[in-house]
Amino acid sequence: MDPISKLISSFKIPVGKWGKSFIDFIVTWFEWLFDAIKISLNFVVEGTTAGLLLIPPVLLAVIFAGLAFWLKRSKILAPGVLLGFLFIINQNLWKETIQTLVLVVAATAISMSIGIPIGIWAAHKPRVWRVVQPTLDLMQTMPTFVYLIPVLILFGLGIAPGLIVTIVFACPAPIRLTYLGITSVPKPMIEAGEAFGATKRQLLWKVELPAALPTIMAGLTQCIMLSLSMVVIAALIGANGLGKPVVRALNTVNIPLGLEAGLAIVILAIILDRMSRVSTGGPQ
């Protein structure tokens, strides 16, 4: 190493020690809060999972197929959903699929409930967007395993840390696409609403959100796909679901188990993507 590099590295900024001190401070003073969050998330996710598992698998598969038909009015999608779930049942991965489905739906619901308001706020306040944008860049570019260290310290192993890591990973998509949708609303539409005396709230609910809805729904689809991509990572920190057989297959080099679990994840991803996609009027 050259002398200049040695000089620079000799005065190392103790970022790691500062981070550890900050985490220790949070754990010391707010452990009760994180315990409450963990218990609440575990109760909701485990309770929902247990309730769905009480329903016979084939009946629940038919219900999901009926829901797909009701949402999309597609004679192709509904049988496809049913066949996909029947294949998962055939592979003895139904319980893991339901656990993954509940985790993804919970993470998506929380991410959308956080992302849409922040996206709307940032679209109306350029100063807010200047702060939010680099934060989103950090969330999306930081390796996922880096999140795991503080999350595991704060929440321990289990469903709660897996859900929280998934939310952190998926949340930027609805924020960005909501911001894009609101800022892309044609100005003549907004000016027409103002000319008719609409208030800011009326403009938001009756002009901006309807015009931005396709983009926001694209954010929903992206959020679902990002949440599903975190299934294996969540399994590494104790979350149940299809990630567990994948991790087990990796550890034991069990190719059949890995293929079966991988196919189940793909099928679930396709089903959720088709059911959440905005209809364009063509066949699904």
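The following legends describe views of a predicted protein model.

**View 1. Helices of the predicted model.** The protein contains 14 helices and zero strands; helices are DSSP runs of H or I with at least four residues, strands are runs of E with at least two, and numbering starts at the N terminus. Taken along the principal axes, the C-alpha atoms fill a box of roughly 70 × 65 × 45 Å.

View 2. Of the 284 residues, 40% are buried (under 20% relative accessible area, with exposed meaning over 50% and partly exposed in between; 1.4 Å probe, protein chains only). A contact means heavy atoms within 4.5 Å. Among contacts between residues at least 6 apart in sequence, 77% join residues at least 24 apart.

**View 3. The surroundings of L257.** L257 lies in helix α14, which spans residues 255-276. Because its relative accessible area is 15%, L257 counts as buried. Not counting residues up to four places away in sequence, L257 touches P245, R248 and A249.

**View 4. L257 and F69.** These two residues are 188 residues apart along the chain. The C-alpha atoms of L257 and F69 are separated by 31 Å.

**Notes on the views.** Residues are numbered from 1 along each chain as its sequence is written, and side-chain values use heavy atoms, leaving out hydrogens and water. In this predicted model, local features need pLDDT of at least 70 and side-chain atom pairs count only at pLDDT 80 or more, whereas totals for chains, interfaces and linings use all residues.
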